[in-house]
Amino acid sequence: TCCIFVFYFRKIIIMKLHKESKGTIIVATTIIAVLSFIAIYFLEIWSLLVIIPLLILYGLVFWFFRVPNRDIEDHKENVIAPVDGKVVMIKEVEETEFLKEKAIQVSIFMSPLNVHICRFPVSGKVIYKKYHPGKYLVAWHEKSSTENERTTVAVESLTHHKVVFRQIAGYVARRIVFYCNEGDQAKAGHEFGFIKFGSRMDIFLPLDTEIVCKIGDKTKGGIDVIAKMQE
């Protein structure tokens, strides 16, 4: 058991970490170091009962900010999963912020254990971006799409469709980052932002889009095709 623990902890320590991890890891390191020192001082040998769980939590922080190596292919009509997670909603809705018309909404929920890098679902040109402050309802709640802290980005795809996607903060997630600007070139599968901890991503697609995923599917961001648009 100890050997397995050492193997996985070593794997976590040497993995590539996202740039958004710096502040969180500094805070986590400081807190864990202080708590470990206090435990050793007061509990002596029994301090391991405190230190081992702290190290496991420390490893989970590293695991959350991991950056996996993925071979991203070029896509034109394919819509790529923008995040790792689970498809929790596929339905026709009225997208009122940018499209102002009916669209197919595909929502993917990310647990705290998923990779939280956010990627462009389609290639094209960024034509809209906006940040919205808001609430922190649980990310799978339907109203979180319009009431939670969120960002909205729209891309005119290579197939000349307008695709909207939205980062949504959850009950745990309290920080959304997006790096794209209007006029930027979007490339399907490539990073445009990051959300810290549990959260959700909504994608709004034209009504004639062929959806190839289903509710309950597990997605791998930048790799899995979730829909195909008409050229």
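Which side chains meet in a salt bridge at 2.7 Å, N to O? Aspartate 84 and arginine 70 do, a salt bridge being a side-chain nitrogen of Lys or Arg within 4 Å of a carboxyl oxygen of Asp or Glu. Aspartate 84 sits in the loop between strand E1 (78–80) and strand E2 (85–95), and arginine 70 in the loop between helix H3 (48–64) and E1, so the pair ties together parts 14 residues apart in sequence. Helices (H or I, at least four residues) and strands (E, at least two) are DSSP runs, numbered from the N terminus. Both aspartate 84 and arginine 70 are buried, where buried means under 20% relative accessible area, exposed over 50%, and partly exposed in between (1.4 Å probe, protein chains only).

A word on the model: it's predicted, so local features need pLDDT of at least 70 and side-chain atom pairs count only at pLDDT 80 or more, while totals for chains, interfaces and linings use all residues. Residues are numbered from 1 along each chain as its sequence is written, and side-chain values use heavy atoms, leaving out hydrogens and water.

The structure holds seven salt bridges, including these:

| Pair | Distance, N to O |
|---|---|
| Aspartate 84 – arginine 70 | 2.7 Å |
| Arginine 166 – glutamate 97 | 3.2 Å |
| Glutamate 94 – lysine 102 | 3.9 Å |

Arginine 166 belongs to strand E7 (residues 162–169) and glutamate 97 to the loop between E2 and strand E3 (101–110), so this pair ties together parts 69 residues apart in sequence. Both arginine 166 and glutamate 97 are buried, and a network of salt bridges links Glu95, Glu97 and Arg166.

Over at the remaining pair in the table, glutamate 94 is partly exposed at 42% relative accessible area, and lysine 102 is partly exposed at 45%.
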